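Let's take a friendly walk through a protein model, one topic at a time. Keep the picture open as you read.

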Amino acid sequence: MASILPIARFFFFFILATSSIAINIRDYGAVPDGSKDSTEALQNAWNNACAAQSNATIEIPMGRYLIGPVMFRGPCKSPVTIHMIGTLIAKKDLALYKPNWIEFQYINGLILYGPGKVDGQGADAWTKNKCRQNHKSFCRPFPMNMVFSFVSNANISHISSINSKYFHMLVFGSNNITFDSITITAPGNSPNTDGIHIAVSQNIIVQNSVIGTGDDCVSIGDKTHNLTISGVQCGPGHGISIGSLGRNFNEEDVVGLTIRNCSFKDTQNGVRIKTWQNGPNKLHVRDLVFEDLRMEDVENPIVIDQKYCPSRTCPDNLRPSSVKIRNVKFNNIVGTSTSQMAINLVCSASNPCEGVELNHIDLQFNGIGEAKATCINVKAPKVIGVVKPDNCA
């Protein structure tokens, strides 16, 4: 089945690419000067493309188009292609968004390809973000640049997302989406500007992309199954993270994730699993592979943190995390750490990690002394080949 899936994707997107109807947003009144509102033109172009009886392509030509919130909603009568050459610029007024900027919903069959950009103009919003003041913060999220909700059979490639007010891209309730050759950029101190957040979705691929933000390059939420991340250059940012998990009711298992052939430079973390204490329900995180990864000046290259508390204001008497982590492989991970604790596996006291494997790890500390490792509440970690640091053996 695994060998058939890429072939099926190829023929599906080949058919989508042979579109017969061209829709240019300039013909709908869009003005490429970066100041006149082109929201209605873009929305009307989508509405007509979605209603077309045969495949349609929306053309966004060279130029800068000022856009407020838009909803690209299906189901459509035929697959839709968007060819973005120009740049879409978000309006700055937060009161306009309910809650996001560019949303794709209920679509089966979508191609979005560049080399265009979406610019969230998020700098003003970042100063208003108070989401991490304490561990009880349930803050109002700011607008995300792009949201893909209940989207199936999509290919997003060769586009750039810059300076989102919040997450750059969200994938939710979706199936069979490939993100290829994406560039995502925001300053390293911009809050909550995750590159791509994926949750309640399956069969998602993120590949051959460059992501540098103020938060996770890729973050993975609950009920994510069969996710592959490969060929991603991450940094600055917080690395690639599974979680945080276990804080909310009705969260479901995370199963079958592979992160391979990625590089991390000047990031806070490399690869990380993070879960909250005091969680209301049990769930499993299992069958994970992290392999062929290179770390360059990464503060925490390999992390399992089942006492996650980003505000550092959590009390000491919380119940241990109810998230069960098992069958996790860390294979062929090399490079340098800016902290001495290069491997930091802190699992739940009530639900110890099981089936953790460390295979050919070589992490050097960029300081005085040797790199170290800690393994707390890890049941019989399996160490294969040369593993440095080797404190978990």
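## A predicted model

Before we start, please remember that this is a predicted model. Every residue number you meet here counts from 1 along the chain as its sequence is written.

## Rings that pair up

Let's begin with the aromatic side chains. A pair of aromatic rings is described by the distance of the centres and the angle of the planes. Rings count as a pair if their centres lie within 6.5 Å, and by this rule the count comes to ten aromatic pairs. One of them joins Phe-150 and Phe-172: the ring centres are 5.8 Å apart and the planes stand at 90 degrees, so this pair is edge-to-face. The cut-off behind that label is an angle of over 60 degrees.

Where do Phe-150 and Phe-172 lie? Phe-150 belongs to strand β10 (residues 146–157) and Phe-172 to strand β12 (residues 169–172), so their pairing ties together parts that are 22 residues apart in sequence. Phe-150 has a relative accessibility of 36% and counts as partly exposed. Phe-172, at 32%, also counts as partly exposed.

## A cluster and a charge over a ring

Some aromatic residues gather into a group. Trp-46, Phe-72, Phe-104, Phe-148 and Phe-179 form one aromatic cluster.

Another arrangement brings a charged side chain to a ring. Arg-247 lies over the face of Trp-276, 4.3 Å from the centre of the ring.

## A histidine with a record

Which residue does UniProt list for "active site"? The record, an unreviewed entry, lists His-238, and such annotations may be inferred rather than shown by experiment.

In the model, His-238 sits in the loop between β20 (233–234) and β21 (240–245). Is His-238 buried or exposed? Its relative accessibility is 12%, so His-238 counts as buried, the cut-off being under 20%. A polar atom of the His-238 side chain lies 3.3 Å from the backbone oxygen of Gly-214.

How many cavities of 30 Å³ or more does a search of the whole structure find? The search finds one, and about 50 Å³ of space lies in this largest cavity. Its lining includes Leu-42, Ile-60, Val-70, Ile-82, Met-84 and Leu-112.

The most comes from β8, with three residues.

## An open space

The second largest pocket holds about 520 Å³ of space. It is lined by 18 residues, and Asn-269, Arg-272, Asp-305, Tyr-308 and Arg-312 lie nearest its centre.

At least two residues of the pocket lining come from each of β23 (269–275), β25 (300–305) and β27 (341–346). The largest share, four residues, is supplied by β25.

Ser-190 is placed in the loop between β14 (183–185) and β15 (196–199). With a relative accessible area of 1%, Ser-190 is buried. Ser-190 and Gly-237 are 47 residues apart in sequence, while their C-alpha atoms are 9.4 Å apart in space.

Ile-67, in strand β4 (residues 64–67), is buried at 1% relative accessibility. From Ile-67 to Glu-40 there are 27 residues in sequence and 8.5 Å in space, C-alpha to C-alpha.

## Details of the backbone

Where can you find cis peptide bonds? One joins Lys-98 and Pro-99, with omega at about -5 degrees. Pro-99 is in the loop between β7 (87–90) and β8. Another joins Gly-243 and Ser-244, with omega at about 15 degrees, and Ser-244 lies in strand β21.

Finally, look at two asparagines. Asn-226, in strand β19 (residues 225–230), is not a glycine, yet its phi is positive at about 60 degrees. Asn-226 is partly exposed, with a relative accessible area of 38%. Asn-327, found in strand β26 (residues 323–337), has a positive phi near 60 degrees as well, and at 34% relative accessibility Asn-327 counts as partly exposed.

Key. Predicted model: local features only at pLDDT ≥ 70, side-chain atom pairs only at ≥ 80, totals over all residues. Heavy atoms only, no water. Phe/Tyr/Trp six-rings, centres within 6.5 Å; stacked < 30°, edge-to-face > 60°. Buried < 20%, exposed > 50% of the residue type's maximum accessible area, 1.4 Å probe, protein only. Lys NZ or Arg CZ within 6 Å of the ring centre and 35° of its normal. Polar contact = N/O pair within 3.5 Å; in protein donor to acceptor, adjacent residues only side chain to side chain. 1 Å grid on protein atoms, 1.4 Å probe; cavity = no way out; pocket = protein on both sides within 12 Å on 5 of 7 lines; lining within 4 Å. Points joined across faces, edges and corners; volume = space filled by probe spheres on them.
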